[in-house]
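Thanks for coming. I will go through one structure today, starting with backbone details and ending with interfaces.

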Amino acid sequence: MGVEEKLGNLGVVTTTLESVMNWSRTRAMWPMLFGLACCAIEMMAAEGAHYDMSRFGMELMRPSPRQSDLMIVAGRVSRKMAPVLRRLYDQMPEPKWVIAMGDCASCGGVFNNYAVVAGVDEVVPVDVYIAGCPPRPEALIHGILTLYDKVNQQRIKVKA
Amino acid sequence: MTQLQEVSVEEIKHLVSERALQGDTVLLNMGPQHPSTHGVLRLLLELDGEIVVNCIPDIGFLHTGIEKNMEAKNYAQAEVMTDRLDYLNTVGNNLAYSMAVEKLVGLDVPVRAQAIRVILVELQRIASHLIWLGTTGLDVAAMSTFLYCFREREAIMDILEMCSGQRMMTTFIRPGGLWRDVPVEFEAAVREFIKVFPRRVDEYEALLSRNPLFLDRTLGIGKVTAEQALNLGMTGPPLRATGVNWDLRKTRPYSGYEQYDFLVPTRSEGDVYARYIVRIEELRQSLKIVEQALNKLPLGPVRSNHHKFVPPPRSEIGVSMEALIHHFKLWTEGFSAPKGAVYSAVESPRGELSFYIVSDGGPKPYRVHVRTPSYDNLQALPHMAKGVLVADLVAIIGSVDIVLGDVDR
Amino acid sequence: MQPELEPILQDLKNTFSARVSEFCGDVCVNIDAEKIVTACQKLRDKLGFTLLSTMTAVDLWPAENPRFNILYQFTSVTANLSLGVMVDIPGTDPSLPTITGVFQNANWRERELWDLFGIKFEGHPDMRRIMMPADWEGHPLRKDYPLGYEEPQFTFNYKEIDLRKPYAKE
């Protein structure tokens with residue numbers, strides 16, 4: 001993370017701007033309440049007291065897309081819901097990330113028919129896919145930590 | 001596909017009152033993504049200030065085409081899809097489907113399998129009611145119930161995982177019995193749960209039942225009379241809260257329910273508070289059933305012997321030629337059911353859940369129709385929601401206990 | 001078959017010339033399409049079947065006449081009886097009179113049958129699609145409608161499917 005401990009007793013911390021930016025983004029990422037089906041129940045269980053997600057700063061699940069940075073698409077996306085999903089994604093402010101939780105959101109899952117969109121990456125760009133039907137709460141937490149690794153590697157892009 | 005459609009008032013003119021067309025009332029969209037609609041339900045509200053004049057539900061945002069997809073799979077594969085219908089009552093869905101297939105084909109189920117089925121289904125009923133209680137508490141802003149209820153549910157999920165390896169979509173109950181026998185730790189875990197749970201239910205009641213804030217929000221809200229409820233097709237706790245004593249576990253007992261002694265709670269007011277009390281009582285009665293079934297658990301096989309339909313145990317395949325042939329036939333093509341149609345109903349935590357399976361003699365079902373309780377219970381929502389405040393509407397939706405997987409299939 | 005059902009079936013046979021059939025303990029009565037509304041009214045008011053449990057359809061394509069079997073399943077809460085009523089309709093321009101005036105929960109059930117099977121109900125107050133989006137074409141649960149099966153992506157065809165899969169852009 002670039003922190004230099006040598007000057008610890010002086011109380012001075014030097015680091016790069018990117019590390020601070022990524023650190024602050026990961027420590028309080030607010031997910032948007034987008035539970036659709038069965039995976040939503042496991043997401044709620046992950047928020048419960050047993051598998052606590054508020055350790056990761058995700059205690060607050062914001063229903064409004066304007067106030068959230070992470071969209072966890074939990075559950076199967078039907079064809080009627082796909083435009084709604086896209087509109088909500090467009091309403092989220094940058095920086096935003098998407099986790100496709102579960103088999104149905106990643107690839108269509110058990111369902112291979114006219115009604116389910118086979119993989120939510122046809123509608124929004126996805127950062128992390130979590131497998132499982134439904135994934136255990138620990139799997140969801142592992143997915144979130146993987147997303148944190150991804151965020152920590154982001155660089156500041158200089159717009160030319 | 002990713003284009004949203006603009007719907008003008010013209011298309012729903014026949015559903016809204018005159019005042020909307022003149023601009024006197026506001027048409028508000030309580031959209032598919034909303035924290036209080038318990039899933040992807042879209043409600044079009046016609047509001048006069050804060051009062052709901054009309055409420056038009058729009059469903060189909062979770063439509064998965066399960067009924068059509070089941071026609072493309074054979075009977076054993078189609079059961080996997082039944083878990084995903086009402087995802088809070090997964091074990092109950094498996095039971096409903098297995099019973100329909102057993103009725104169609106004429107399979108017997110050994111007594112040990114029936115008793116274990118009852119234990120698992122009642123535990124699932126408790127888990128489903130706990131989630132209802134937690135989310136209802138969250139809707140009326142009693143947030144601590146949410147955390148407490150999920151704590152109990154974890155104990156039940158551990159029991160299900162111990163039996164089948166999966167917390168939610170277990171597919172443990174299969175036509176002809178169970179997948180396999182329960183492990184040795186099962187009895188100790190269930191007894192531990194039985195010991196701990198009654199005090200927890202008392203805690204939940206102490207939190208909410210006499211709480212003046214809760215009573216203010218639920219007493220007298222969303223009333224339905226018994227005739228209206230029956231005409232609207234409601235079943236389950238909303239119907240029992242209006243005074244009709246209709247519970248399929250008592251009136252048409254299945255899977256050995258006639259041996260267990262339990263009460264069916266009913267109330268007569270038909271409002272949100274009555275439904276709350278009915279479900280809290282059902283938690284206690286379900287625990288009573290689990291205890292009796294566990295005490296009386298008989299020994300014996302857990303699968304039917306009829307190997308034309310039920311796979312033989314793996315240990316037999318190495319020594320018996322018939323077992324190998326049956327296993328091969330069941331795994332490649334699947335069993336063929338006789339031609340005809342059956343209708344088989346069970347009592348899910350939400351109401352009457354039934355399967356209508358039409359068979360044409362082949363290995364795949366010709367048509368499967370699932371009668372899900374939340375579909376009819378949700379139709380009653382506009383009738384209950386006329387003239388209430390928006391905050392009351394949230395309490396009413398919570399009390400009907402809909403699961404959108406059930407509604408949209 | 002339960003003995004209490006006998007007089008009811010006799011009544012239906014006399015009034016509506018119904019054909020009775022039974023399979024695995026389920027009793028089903030076959031009635032003509034024009035008489036369904038009066039039959040439902042009689043079942044609700046005089047014979048005690050106050051709950052319409054479900055309404056569904058079976059598509060018998062490629063048979064044209066009848067093509068659809070519509071099943072109405074009634075439950076009597078007071079007498080603990082269950083009865084199915086079946087109506088056959090042909091495939092060209094399938095339609096039935098609505099029973100929303102008799103049982104209110106038939107409202108959404110009939111909308112679902114219109115959406116998924118294409119069966120129109122005359123006199124229905126709100127004949128719109130319910131499960132599929134409003135601009136969807138076709139009726140998915142008919143037998144001549146394809147399942148919509150997509151080819152799964154295995155390792156041997158990974159690249160070809162990857163090229164044609166519509167990934168979303170930012």
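Helices here are DSSP runs of H or I with at least four residues, strands are runs of E with at least two, and both are numbered from the N terminus. This is a predicted model, in which local features need pLDDT of at least 70 and side-chain atom pairs count only at pLDDT 80 or more, while totals for chains, interfaces and linings use all residues. Residues are numbered from 1 along each chain as its sequence is written, chains are lettered from A and ligands numbered from 1 in the order in which they are written, and side-chain values use heavy atoms, with hydrogens and water left out.

Backbone first. Most peptide bonds are trans, and most residues other than glycine have a negative phi. In chain A, the bond from A:Glu94 to A:Pro95 is cis, with omega near -10°. A:Pro95 sits in the loop between α3 (82–91) and β3 (97–101) of chain A. Another cis bond joins A:Cys133 to A:Pro134, with omega about -10°, and A:Pro134 belongs to the loop between β4 (128–130) and α5 (137–152) of chain A. In chain B, B:Thr171 has a positive phi, near 50°; this residue is in the loop between α6 and β4 (173–174) of chain B.

Now helix packing in chain B. Axes are lines fitted to C-alpha atoms, for helices over the stretch in contact, and angles run from 0 to 180 degrees between N-to-C directions. Helix α5 (residues 111–139) of chain B and α6(B) have axes that come within 8 Å and cross at roughly 160°. The two helices α5(B) and α6(B) are therefore roughly antiparallel, the label for angles over 145 degrees, with under 35 as roughly parallel, 65 to 115 as roughly perpendicular and the rest as oblique. The crossing of α5(B) and α6(B) is left-handed, meaning that the near helix is turned anticlockwise from the far one by less than a right angle; clockwise would be right-handed.

Which residues of α5(B) and α6(B) meet? Contact means heavy atoms within 4.5 Å. On α5(B) they include B:Leu123, B:Ala127, B:Leu130 and B:Gly134, and on α6(B) they include B:Phe146, B:Cys149, B:Ile156 and B:Leu160. By class, this contact of α5(B) with α6(B) has 16 nonpolar, four polar and two charged residues. Nonpolar covers Ala, Val, Leu, Ile, Met, Phe, Trp, Tyr, Cys and Pro, charged covers Asp, Glu, Lys and Arg, and the others, Gly among them, are polar.

Next, α6 (residues 143–164) and α7 (residues 185–208) of chain B: their axes come within 11 Å and cross at roughly 165°. That makes α6(B) roughly antiparallel to α7(B), and the crossing is left-handed. The contact of α6(B) with α7(B) has 15 nonpolar, two polar and five charged residues.

The remaining pair is α5(B) with α7(B), at an angle of about 30° with axes 13 Å apart. That makes α5(B) roughly parallel to α7(B), again with a left-handed crossing. Here B:Ile119, B:Leu120, B:Leu123, B:Ile126, B:Leu130 and B:Leu133 in α5(B) meet B:Phe186, B:Phe193, B:Phe197, B:Tyr204 and B:Leu208 in α7(B). The residues of that contact are eleven nonpolar, no polar and no charged.

On to interfaces. Buried area is the accessible area (1.4 Å probe) that two parts lose on being put together, summed over both. How much area do chain A and chain B bury between them? About 3500 Å², with 66% of it on carbon and sulfur atoms. A:Ile41, A:Arg76 and A:Lys80 supply 17% of what chain A buries there, more than any other three residues. In this interface, 39 residues of chain A are in contact with 40 of chain B.

Between chain B and chain C about 4000 Å² is buried, of which carbon and sulfur atoms give 55%. B:Lys68, B:Asn231 and B:Tyr366 lose the most area on the chain B side, together 17% of what that side buries. The contact involves 47 residues of chain B and 50 of chain C.

Last, salt bridges: a side-chain nitrogen of Lys or Arg within 4 Å of a carboxyl oxygen of Asp or Glu. The count over all chains is 46. Three cross the interface of chain A and chain B, and A:Glu42 forms a salt bridge with B:Arg167 at 3.0 Å. Four cross the interface of chain B and chain C; B:Glu71 and C:Lys143 form a salt bridge at 2.9 Å, N to O.
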